[in-house]
Amino acid sequence: MDCARQYAALFKGTRFKVATVYLTGEASEKVVAGTDCDEVHFLQLGSADLSGLKLKAIAAVRRIIAARPYELCVAHRYKSLYVALLSSGLPVIGISHAFGVYSKPMRRLFVRSFRRRVLLLGVSRAIRDDMRRHLSSWPHDQVETLYNRIDVEKYVSGQLEREVARAELGLDSDAWIVGSVGRVHPKKDPLTLIRAFALALPGLPDKAQLVFVGDGEMMEQARSLAKELDIAERVRLLGYRANAWRYFKAFDLFVLATRREPFGMVLLEAMAAGVPIICTDCGGAREVVEGVGTLFRYRDAEGLARLLSAHETPSQALVDSMHDRLRDCFSDGAVRRAFWQLPWIRRSLSAVLDEGPPE
């Protein structure tokens with residue numbers, strides 16, 4: 001839903017109307033409201049419908065496209081791109097949110113056959129460069145970057161204050177808290193963070209705690225490791241929380257120990273809360289926190305422990321820098337300006353942009 005909202009926002013204030021098509025998922029007024037566009041379709045397809053040739057999905061999207069004078073299609077992830085390209089002759093933007101999307105020869109062959117009407121966008125330069133490696137013959141202006149973004153004012157003003165956030169999460173008001181938000185999953189490497197916290201604990205403030213907000217397949221492993229390291233009472237695994245972005249002010253420090261991060265939306269959420277950030281020096285995460293966060297090597301528990309011990313209360317200058325970076329690089333307005341400057345967009349929509357691109 002948020003991906004759809006981000007791209008609908010690119011066309012706010014223009015002559016274009018936006019229709020969003022959800023291939024899977026139940027119809028929901030909440031999703032319609034959150035998508036924030038002109039028209040929403042729920043196809044409610046099952047996993048079988050999106051395997052193989054995907055003929056049912058193609059037919060359904062084709063009927064939708066036939067009902068309006070559409071000019072452009074945006075497709076998130078490869079399956080949607082496949083459906084979009086076979087549903088019409090429209091120019092199509094394919095958004096990649098992960099590494100290795102075009103590592104498979106058949107995918108490269110497929111998109112190559114439609115290259116004249118395709119723009120591929122990665123959510124970070126790291127994803128863009130990964131695509132360019134696999135599609136080395138493509139012109140660079142057809143494999144570009146368009147960052148993920150947030151409604152900055154909403155995320156800054158919508159943060160729960162520290163005491164309120166801690167109360168709702170059931171955390172001690174006087175604890176010093178290292179927070180991590182996201183799936184408790186091997187790709188997020190929670191075990192390195194637990195080991196680093198154990199190493200750093202003697203030098204951390206009294207009542208230091210490590211808090212995970214999120215669920216995942218490694219919950220029991222994380223609990224077992226905390227118990228093995230004799231820090232079980234210091235490690236809290238809170239499970240899933242709706243609208244977790246609102247709780248970041250509960251933390252004194254935010255850590256993302258991920259293995260290979262395509263972008264890192266949680267980093268934007270931490271920046272909106274003005275919480276100091278430590279994250280792995282990998283993928284798109286490095287790009288997001290440039291100048292406002294601290295990096296460490298993947299699985300370097302000792303190095304991360306040193307950084308945990310060294311962090312202090314953030315200055316107002318750091319908080320201001322985070323908010324400035326959000327507005328300059330990861331806001332709807334900043335990304336909208338970058339989108340309408342893309343050469344492929346100007347070429348593909350030139351017939352309907354006779355008054356020039358939107359400002």
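Strand S10, helix H11 and strand S11 form a β-α-β unit, and its hand is right. The model is a predicted one. S10 and S11 run parallel, joined by three bridges. Ile278 in turn leads on to the next strand, where its bridge partner in S12 is Thr294. S11 and S12 also pair in the parallel sense, again over three bridges.

Helix H13 covers residues 301-310. Its buried residues are Ala301, Gly303, Leu304, Ala305 and Leu308. The spacing has a simple background. An α-helix has 3.6 residues a turn, so residues three or four places apart point the same way. The buried residues of H13 pack against S10 (253-256), S11 (277-280) and S12 (294-296). They also pack against strand S7 (176-181) and helix H9 (190-200).

Now to another group of strands. Four of them make an open sheet, ordered S3-S4-S5-S6, with parallel pairing. S3 (73-76) and S6 (143-145) are the edge strands; each has a single partner, so one side of each lacks a neighbour in the sheet. On average, neighbouring strands here are turned by 25° against each other, direction ignored. Backbone hydrogen bonds are what pair the strands of a sheet, in either the parallel or the antiparallel sense.

The S5-S6 pairing gives a detailed view. S5 spans residues 118-122 and pairs with S6 in the parallel sense through three bridges. Leu121 has Glu144 in S6 as its bridge partner. Helix H6 (residues 125-134) packs on this sheet and touches S4 (92-96), S5 and S6. The direction of H6 makes about 170° with that of S6.

The largest nonpolar core holds 94 residues. Which of them touch the most other members? They are Ile93, Tyr102, Phe251, Phe254, Leu267, Phe339 and Ile345. Helix H11, residues 265-273, supplies the largest share of this core, with seven residues.

Tyr102 shows what such a position looks like. Leaving aside neighbours within four places in sequence, Tyr102 is in contact with Tyr78, Leu81, Ser96, Val111, Leu120, Met131 and Leu135, among others. Its contacts also include Arg107, Arg108 and His134. Another core, of 31 residues, lies apart from the largest one. Val184, Leu193, Ile231 and Leu253 are among its members.

How values were computed
Residues are numbered from 1 along each chain as its sequence is written. This is a predicted model: local features need pLDDT of at least 70, side-chain atom pairs count only at pLDDT 80 or more; totals for chains, interfaces and linings use all residues. Side-chain values use heavy atoms; hydrogens and water are left out. Two strands pair if DSSP finds at least two bridges between them. Helices (H or I, at least four residues) and strands (E, at least two) are DSSP runs, numbered from the N terminus. Axes are lines fitted to C-alpha atoms, for helices over the stretch in contact, and angles run from 0 to 180 degrees between N-to-C directions. Contact means heavy atoms within 4.5 Å. A nonpolar core is a set of buried Ala, Val, Leu, Ile, Met, Phe, Trp, Tyr and Cys residues joined through side-chain atoms within 4.5 Å. Buried means under 20% relative accessible area, exposed over 50%, partly exposed in between (1.4 Å probe, protein chains only). A crossover is right-handed if, with the strands pointing away from the viewer, the path from the first strand over the helix to the second runs clockwise.
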